[in-house]
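Hi,

Here is the structure I promised to pass along. Have a look at it first, and then read on for what turned up.

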Amino acid sequence: MVVSLVVSMSTGVLWASVQPVLEPELRSKFGLSQEISALIFLLIPLSYTITTPLVGKALNKYKSFDLIYMMMIAYGICGVDFVFMGPSPLFLNLPRPLWLLLLTLFIQGILTAFVVIPSMELAFNKCGININNEQTPDAALMAMISGMWLSAYAVGEFLGPTISGVVAEYANFGWAMTVYSFMCLAFVLMMIIIKLYECMKKNRPSHKTSGENTQTDDIPMITVDECKPLLK
C-alpha cells in the first residue's frame, strides 16, 4: 500500500512537472504562438487517454505479470525520455528538434498510463480487493483506498510545478528535466530494493513452523485400546 501511494505521488509530480515550464520553452526556443503551444499541451493527455484502456486489458489478460516490474520498466524509460526532452546538459551536443520534443511528450503520456493503472491495482490487491473477482468488493474500503491514492496524487501535482519552477528559474528547462530523470531512476532503485526484500523474505526459512512440528512429534499418540474406563 505504501509503495502504491509513493508511486501515485511521484506520478503526480512527473505529470505536472512539464506544464509550467513548457510554454516558455516553446516560445523562446521555437518561436511558437500561444495557440500552437496550447495544441502541444494536448499530446500528454491524448496519449494517456489512448493507452489507458489498452493497459487495463493487458493487465486482465496477463495477470501473472508483476505490477512492480511493469512500473519499474516504465520509470526507467521515463528517465531516458526526460533526458531527450530537456535535453539534459549532462550530455553535450545532444540535439532536440521540435519533432523530438513532441515525441517525448507523447511518450510521457503513454508511460504515465503504465504507472497509474498498475499502482491503483496494486493498492487494491494489497488490501485484499480483487477487482476482477465476481464477488462484489467492499465499496467503503474501495472508496477509502481511492481517496488515499488521489490525495497522494494531488500532493504530487503540487510538488511537480513547484520543483520545476524553482529549477527552471535558477537554471533552465534542461536542468529541470534532468532532475526529473534522476527522480525516475531513484524510483527504479527503490522498486529494485523492494523486490530484493520480497525475494529474501520469501526464501527465508520459517523457524517457527519447524519448531512447532518437532514439538508435536514428541507427543505420544494414544490409541483407542489404551483407553480404559475408571469405573466398571
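So, what pattern does the protein follow when read along the sequence? It goes α-α-α-α-α-α-α-α-α, which comes to nine helices and zero strands. Keep in mind that this is a predicted model.

On confidence, the pLDDT averages 80 over the protein, and 83% of the residues score at least 70.

Some overall numbers: the protein has 232 residues, and 35% of them count as buried. If you take the contacts with a separation of 6 or more, 80% are between residues 24 or more positions apart.

Now to helix 1 (residues 2-17). Its end C-alpha atoms are 22 Å apart, which agrees with the 22 Å that 16 residues should span at 1.5 Å a residue. This helix is mostly covered, with 12 of its 16 residues buried. Among the buried ones are Val 3, Val 7, Leu 14 and Trp 15, and there are several serines too, including Ser 4, Ser 10 and Ser 17. What covers them? The cover for the buried residues of helix 1 includes helix 2 (19-29), helix 4 (43-61), helix 5, helix 6 (98-126), helix 7 and helix 8 (173-203).

Where does the chain come back to it? Val 116 is 108 residues away in sequence, yet the two C-alpha atoms are 6.8 Å apart in space. Leaving aside neighbours within four places in sequence, Ser 8 is in contact with Trp 149, Ala 152 and Tyr 153.

Two of those partners also pair with each other. The count of aromatic pairs comes to three. In one of them, the rings of Trp 149 and Tyr 153 have centres 5.7 Å apart and planes at 5°, so the pair is stacked. Both residues lie in helix 7 (residues 139-170), four residues apart, or about one turn of the helix. Are they buried or exposed? Trp 149 is buried, with a relative accessible area of 5%, and Tyr 153 is buried as well, at 16%.

Another serine to look at is Ser 37, found in helix 3 (residues 34-40). With 1% relative accessibility, Ser 37 counts as buried. Not counting residues up to four places away in sequence, Ser 37 touches Glu 23, Leu 26 and Leu 32.

Two last items for when you have the viewer open. The charged end of Lys 195 sits over the ring of Tyr 69, 5.0 Å from its centre. And there is a cis peptide bond joining Gly 86 and Pro 87, with omega at about -10°. Most peptide bonds are trans. You will find Pro 87 in the loop between helix 5 and helix 6.

Cheers

Terms used: Residues numbered from 1 in each chain as written. Predicted model: local features only at pLDDT ≥ 70, side-chain atom pairs only at ≥ 80, totals over all residues. Heavy atoms only, no water. Helix = DSSP H or I, 4+ residues; strand = E, 2+ residues; numbered from the N terminus. Buried < 20%, exposed > 50% of the residue type's maximum accessible area, 1.4 Å probe, protein only. Contact = heavy atoms within 4.5 Å. pLDDT = per-residue confidence, 0-100. Phe/Tyr/Trp six-rings, centres within 6.5 Å; stacked < 30°, edge-to-face > 60°. Lys NZ or Arg CZ within 6 Å of the ring centre and 35° of its normal. Expected span 1.5 Å × (residues − 1).
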